[in-house]
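Please look through the structure shown below together with its sequence. The report after it is written for a reader who is meeting this structure for the first time.

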Amino acid sequence: ETTDLHTLIRQAVEPFQLSLTEQGGRLTLDLQALHTQVLVDKLHITNVLYNLLDNAIKYNCNVPELTVATHNEKEMICVTVS
C-alpha cells in the first residue's frame, strides 16, 4: 500500500533508542527526501529496517553511532543505514 517512508523509518528506529542510550550510543535521523510516499509492503520494509539497525548495533565493535538517511534521486527515494 502507499505510505510515507519517513513514518515507517521513525517507527522502526523507536525500539532501538533506549538500547542505544544505555550503551552510550546514538541514532541520528537525516531524513532529507522531499517525496516520501512509496508503494510497499509495510511489514516487509519495516522488517528490513529493523534487521539493518539490529545488525548494526549487534556487530558494532565500538559504541554504536548510527545514522538513517534518506534523499531523493530522480524519481526514487534512497535510504542509507550507516
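What follows describes an aromatic pair, the salt bridges and the surroundings of one threonine.

The model is predicted, so local features need pLDDT of at least 70 and side-chain atom pairs count only at pLDDT 80 or more, while totals for chains, interfaces and linings use all residues. Residues are numbered from 1 along each chain as its sequence is written, and side-chain values use heavy atoms, with hydrogens and water left out.

**Aromatic pair**

A search of the whole structure finds one aromatic pair. Rings of Phe, Tyr and Trp (its six-membered ring) pair if their centres lie within 6.5 Å, and their planes count as stacked when under 30 degrees apart, as edge-to-face when over 60 and as tilted for the rest. The ring centres of phenylalanine 16 and tyrosine 50 are 4.8 Å apart with the planes at 45°, so this pair is tilted. Because phenylalanine 16 lies in helix α1 (residues 5–22) and tyrosine 50 in helix α2 (residues 42–58), the pair ties together parts that are 34 residues apart in sequence. Helices (H or I, at least four residues) and strands (E, at least two) are DSSP runs, numbered from the N terminus. Phenylalanine 16 is buried at a relative accessible area of 6%, whereas tyrosine 50 is partly exposed at 36%; buried means under 20% relative accessible area, exposed over 50% and partly exposed in between (1.4 Å probe, protein chains only).

**Salt bridges**

Side chains of opposite charge can pair when their charged atoms come close. With a salt bridge taken as a side-chain nitrogen of Lys or Arg within 4 Å of a carboxyl oxygen of Asp or Glu, the count comes to three.

| Salt bridge | N to O distance |
|---|---|
| Glutamate 1 and lysine 42 | 3.6 Å |
| Arginine 26 and glutamate 65 | 3.3 Å |
| Lysine 58 and aspartate 54 | 3.2 Å |

Arginine 26 lies in strand β2 (residues 26–31) and glutamate 65 in strand β4 (residues 65–73), so their pair ties together parts that are 39 residues apart in sequence. Lysine 58 and aspartate 54, being four residues apart in helix α2, are separated by about one helical turn, and aspartate 54 is partly exposed at 23% relative accessible area. Glutamate 1 is exposed, with a relative accessible area of 57%, while lysine 42 counts as partly exposed at 33%.

**Threonine 3**

Threonine 3 is found in strand β1 (residues 2–4) and is buried, with a relative accessible area of 10%. Leaving aside residues up to four places away in sequence, threonine 3 touches Leu8, Thr36, Gln37, Val38, Val40 and Lys42, where contact means heavy atoms within 4.5 Å.
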